[in-house]
Amino acid sequence: MHKRLFIPGPVEVRPDVLARMSTPMIGHRSKSASALQAGIADKMRTLMYTKNEILLSTSSGSGLMEGAIRSCTRRRAAVFSIGAFGDRWYKMATSNNVPADLFSVEPGRATLPEQVEAALATGAYDLVTVTHNETATGVMNPVDGIAEVLRRHPGVVWCVDAVSSLGGAKIEVDRLGIDVCITSSQKCLGLPPGLAVCSVSEKAIRAAEQVPFRGLYFDLVELYRFVREKESQYPATPSLSHMFALDYQLDRILAEGPENRFARHQAMAGRVRDWADSNFALYSDPAHLSDTVTCISNTRNLDVSALNKRLGDVGYTISNGYGALKDKTFRIAHMADATLDDVNGLLTAIDALLA
Ligand SMILES: *Cc1c(COP(=O)(O)O)cnc(C)c1O
């Protein structure tokens with residue numbers, strides 16, 4: 001039996017979207033490939049509220065995260081981490097010999113604007129990374145307040161990991177002033193894994209041009225140059241299959257209406273939080289809860305793997321905690337094309353098992 005995925009990626013993919021992956025192949029230097037990229041870029045700009053260029057990468061989101069921090073850090077990066085995925089950005093920096101400092105908080109907490117201001121006030125940094133939505137703890141960072149801080153530091157390039165939220169929560173890239181905003185196909189966009197998407201500002205590209213060694217495959221300047229100057233194509237062969245599916249899915253997303261889509265995510269999050277509150281406890285700071293994934297404290301000391309196995313028998317999968325939180329928490333994702341009815345079905349199934 002297929003187990004419906006309520007894990008924070010990969011998510012359930014609609015059959016009609018999946019079917020687009022088997023569109024007959026085209027040449028990656030053809031006019032059709034150019035038109036495909038150009039169409040995707042226009043639609044992504046609408047979804048991201050930006051006029052910036054849109055770049056795709058045939059990798060998961062981590063590829064563009066590594067590319068961004070390596071390409072755009074001229075002097076030193078300030079990495080604001082609120083969990084596993086923020087920490088990953090720091091590892092990407094150090095393993096590429098990019099000077100960086102890690103600013104962490106207690107798990108379950110958010111990055112606060114004051115913390116960013118204090119770091120930037122030292123004048124030591126010309127790049128900042130922030131996790132929009134920490135999937136390990138179900139925390140959504142207050143990017144509005146962080147944006148105000150960044151506005152006072154115009155020389156700093158701002159990179160945002162929106163992997164587990166873009167397409168499920170409103171992120172107004174231009175209003176916030178985000179220079180590189182990154183997401184992956186397999187989370188709120190509702191596609192199979194294997195493609196990463198980012199918006200990139202002119203400012204980020206101008207910064208990257210001053211960095212002598214940017215690698216090659218994830219060099220943002222090279223990707224940008226090809227999309228801009230080589231008829232919306234890529235230096236290497238992109239996953240055209242993903243692009244067909246993304247183009248189609250973006251039509252669906254825009255037809256649903258981004259605002260409606262975000263409201264649907266909020267409704268699902270609200271339902272899961274209420275359920276968690278009455279059956280367990282929410283793990284994270286209630287002021288900064290995620291709209292796309294909920295992290296629940298395992299107050300009943302359940303064997304989550306055993307629960308998941310039994311859930312599997314009735315056609316569902318949820319997620320255990322991430323890393324050190326493996327048995328202390330479990331997570332329910334409410335992302336992409338899942339509906340409130342789907343979430344109700346899942347919670348009813350869990351209730352039946354707990355009874
Ligand atoms: C899933 C995830 C990543 C990693 O993305 P991949 O597409 O697996 O490389 C990074 N950051 C966050 C917040 C995520 O949820």
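For Gln186 the corresponding distance to a ligand oxygen atom is 2.9 Å, and for Thr135 it is 2.4 Å. The protein covers 91% of the 380 Å² of accessible area that the ligand has on its own, where areas come from the Shrake-Rupley method with a 1.4 Å probe.

This is a predicted model, in which local features need pLDDT of at least 70 and side-chain atom pairs count only at pLDDT 80 or more, while totals for chains, interfaces and linings use all residues. Residues are numbered from 1 along each chain as its sequence is written, and side-chain values use heavy atoms, with hydrogens and water left out.

Around the ligand there are 14 residues, of which Ser60, Ser62, Thr135, Asp161 and Lys187 come nearest; a residue counts as near if one of its heavy atoms lies within 4 Å. The helix α3 gives the most to this shell, with three residues, where a helix is a DSSP run (H or I) of at least four residues, numbered from the N terminus.

How many disulfides does the structure hold? There are zero, a disulfide being a pair of cysteine sulfur atoms within 2.5 Å. The sulfur of Cys72 is too far for a bond because the closest cysteine sulfur, in Cys159, is 5.4 Å away. Likewise, the sulfur of Cys295 is 16 Å from its closest cysteine sulfur, in Cys188, too far for a bond. Cys72 is buried, at 0% relative accessible area, where buried means under 20% (1.4 Å probe, protein chains only), and Cys295 also counts as buried, at 3%.

Terms used:
Polar contact = N/O pair within 3.5 Å; in protein donor to acceptor, adjacent residues only side chain to side chain. Helix = DSSP H or I, 4+ residues; strand = E, 2+ residues; numbered from the N terminus. Buried < 20%, exposed > 50% of the residue type's maximum accessible area, 1.4 Å probe, protein only.
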